[in-house]
Amino acid sequence: MSNIIDSIRQENARNDLPEFGIGDTIRCKMQIREGGKTRIQNYEGVVIAQRGTANEKAITVRKISNGVAVERVLPLESPNLTGIDVVRFGRVRRAKLYYLRALTGKKARIRERRVYKKK
């Protein structure tokens, strides 16, 4: 029974999203419906948590907007998520970055990880 479920999950899995991890700064393109119109809204922030596997995977993205911290949980399989761009690769040593909630300003910075492209 679980083999059938696994095969269905693999068929429906998204493969258009880039590789990213905890501590990376990403720009999520969300489709917003207002009345009868739809538009794309960008949401840029740091990935502070990741949970779930396969089709149930979700990430928590945190950003500072006008001095107010905003966190958003984004299911990666959502049809409203139209794309993700990686802005910066962060270098962290934790799986959950909840300690960033207590930090402000320069203390909340994350070191950048160098990524070398293969030729």
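A charge sits over a ring if NZ of Lys or CZ of Arg is within 6 Å of the ring centre and within 35 degrees of the ring normal. The views below come from a predicted model.

**View A. Arg72 sits over the ring of Tyr43.** The distance from Arg72 to the ring centre of Tyr43 is 5.5 Å. Arg72 lies over the face of that ring. Aromatic pairs are another matter: a search of the whole structure finds 0.

**View B. Ala49 is buried in strand S2.** The strand spans residues 37-51. Relative accessibility of Ala49 is 3%. Buried means under 20%, so Ala49 counts as buried. Its contacts beyond four places in sequence are Ile22, Ala58, Ile59, Thr60, Ala95, Lys96 and Tyr98. Tyr98 is 49 residues from Ala49 in sequence. In space, the two C-alpha atoms are 7.8 Å apart.

**View C. Thr25 is buried in strand S1.** Strand S1 covers residues 25-34, and Thr25 lies in it. The relative accessible area of Thr25 is 12%, under the 20% cut-off, so this residue is buried.

**View D. Met1, Ile4, Ile5 and Ile8 make a nonpolar surface patch.** The patch amounts to about 430 Å². One of its residues, Ile4, has its place in helix H1. Helix H1 runs over residues 2-12.

Notes: Residues numbered from 1 in each chain as written. Predicted model: local features only at pLDDT ≥ 70, side-chain atom pairs only at ≥ 80, totals over all residues. Heavy atoms only, no water. Helix = DSSP H or I, 4+ residues; strand = E, 2+ residues; numbered from the N terminus. Buried < 20%, exposed > 50% of the residue type's maximum accessible area, 1.4 Å probe, protein only. Contact = heavy atoms within 4.5 Å. Patch = residues over 30% accessible without salt bridge, like charges linked within 9 Å, V, L, I, M, F, W, Y side chains within 5 Å. Areas by Shrake-Rupley, 256 points an atom, 1.4 Å probe, with all protein chains shown as cover. Salt bridge = Lys/Arg side-chain N within 4 Å of Asp/Glu carboxyl O. Phe/Tyr/Trp six-rings, centres within 6.5 Å; stacked < 30°, edge-to-face > 60°.
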